[in-house]
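This briefing covers strand order, crossovers, helix packing and a few loop residues. Please have the model open while reading the points below.

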Amino acid sequence: TKSLLSKVTKNAYLRLDKIIAVSNFTKSLLDPSVKSEKVMVLPNGVDNDFLLESKEKVKQKKYDWKGYPKLLTVGNVTPRKGQHRVIAALPEILKTYPRAHYHIVGLPTEKDALFQKARELKVEQSITFHGRLPSREELYRAYSSSDLFLMLSENQKNGDLEGFGIAILEANAFGLPAIGALGCGIEDAISTNSGVLVDGNSSAAIVKAMNLIFENELVFSRGARQWAEKHSWADLIEQLPG
């Protein structure tokens, strides 16, 4: 049962010498009986090869994708990843950015439901579902073809939560700033120089964040790249306890 599993998990935590959480959000989910000094926050990262390749791949031939700005989310098409929140904000986004187009990359698990939502909002012409891309090369190309990364993850009642958001760092490596949702692990995945954290249900806040980023595009693009480099796995591993 769920109660038994919870007790077993709690007992395991209490027996451990050290617990590593990938974000302060996931640390906050631990049982209060776990002493805070036992818990170390070590964020997820990207490998050095990815960082090196992104410098070259960003110069490659880009997709002939629709729109400007080209908005991108990479991840399984589910409520946790928050694509529905971006779609909900599109009517407001299009008032300021009438040519904006939302490109959704990832396993199309709930594509039909999202497309229906887009039709109801009359924004279906501003959305493209690309599905799961067949290779890392194609994913690199998606990042290099976009203008802004969005991950407005939403915590689910069944316990499905966003612990960090590695795709944000991957996008950052290509110089893509990010807009992410408050209230989940994404809070540790975005810095003040790499993007903006917002209330994922506030269309006005999302548009305001877009304005800030595009008014300071070079600063945020440079900051995004530096933030990704700061999360090199080679450097993060050095922080692990001996």
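Strand β7 is covered on both faces: A178 and G180 on one side and I179 and A181 on the other are all buried, where buried means under 20% relative accessible area, exposed over 50% and partly exposed in between, with a 1.4 Å probe and protein chains only. Strands are DSSP runs of E with at least two residues and helices are runs of H or I with at least four, each numbered from the N terminus. The model is predicted: local features need pLDDT of at least 70, side-chain atom pairs count only at pLDDT 80 or more, and totals for chains, interfaces and linings use all residues. Residues are numbered from 1 along each chain as its sequence is written, and side-chain values use heavy atoms, with hydrogens and water left out.

**Sheet**

- An open sheet of 6 strands, with parallel pairing, has the order β5-β4-β3-β6-β7-β8; two strands pair if DSSP finds at least two bridges between them.
- At the edges are β5 and β8 (195-198), each of which pairs on one side only.
- From one strand to the next, the twist averages 20 degrees.
- Helix α4 packs on this sheet and touches β3, β4, β5, β6 (148-151) and β7 (178-181), with contact meaning heavy atoms within 4.5 Å.
- The direction of α4 makes about 170 degrees with that of β4; angles run from 0 to 180 degrees between N-to-C directions, and axes are lines fitted to C-alpha atoms, for helices over the stretch in contact.

**Strand pairs**

- Strand β3 (residues 70-74) runs parallel to β4 and is joined to β4 by 5 bridges; L72 has H103 in β4 as its bridge partner.
- Strand β4 (residues 101-105) is joined to the parallel β5 by 4 bridges, and Y102 has I127 in β5 as its bridge partner.
- β6 and β7 run parallel and are joined by 3 bridges, with M151 opposite G180 in β7.
- β7 and β8 also run parallel, joined by 4 bridges; the partner of A181 in β8 is V198.

**Faces of β5**

- In a regular strand the side chains alternate between the two faces of the sheet.

**Crossovers**

- β4, α5 and β5 form a right-handed β-α-β unit; right-handed means that, with the strands pointing away from the viewer, the path from the first strand over the helix to the second runs clockwise.
- A right-handed β-α-β unit is also made by β6, helix α7 (residues 166-173) and β7.

**Packing of α4 and α5**

- Helix α4 (residues 83-96) packs with helix α5 (residues 111-120) at an angle of about 10 degrees, and their axes are 9 Å apart.
- The two helices α4 and α5 are therefore roughly parallel to each other; angles under 35 degrees count as roughly parallel, over 145 as roughly antiparallel, 65 to 115 as roughly perpendicular and the rest as oblique.
- On the α4 side the contact involves Q83, H84, I87 and A88, which meet L114, K117 and A118 in α5.
- These contact residues divide into 4 nonpolar, 2 polar and 1 charged; Ala, Val, Leu, Ile, Met, Phe, Trp, Tyr, Cys and Pro count as nonpolar, Asp, Glu, Lys and Arg as charged, and the others, Gly among them, as polar.

**Loop residues**

- S126, in the loop between α5 and β5, is buried, with a relative accessible area of 12%.
- Not counting residues up to four places away in sequence, S126 touches L90, L94, A100, H101 and Y102.
- K122 is found in the loop between α5 and β5 and is exposed, with a relative accessible area of 71%.
- The C-alpha atoms of K122 and L90 are separated by 9.5 Å, at 32 residues apart along the chain.
- G75 lies in the loop between β3 and α4 and counts as buried at 13% relative accessibility.
- Beyond residues up to four places away in sequence, G75 touches K81, Q83, V105, G106 and L107.

**Backbone geometry**

- Most residues other than glycine have a negative phi, and most peptide bonds are trans.
- K122 has a positive phi, near 60 degrees, and is a residue other than glycine.
- Y68 and P69 are joined by a cis peptide bond with omega of about 0 degrees; P69 is in the loop between α3 (48-57) and β3.
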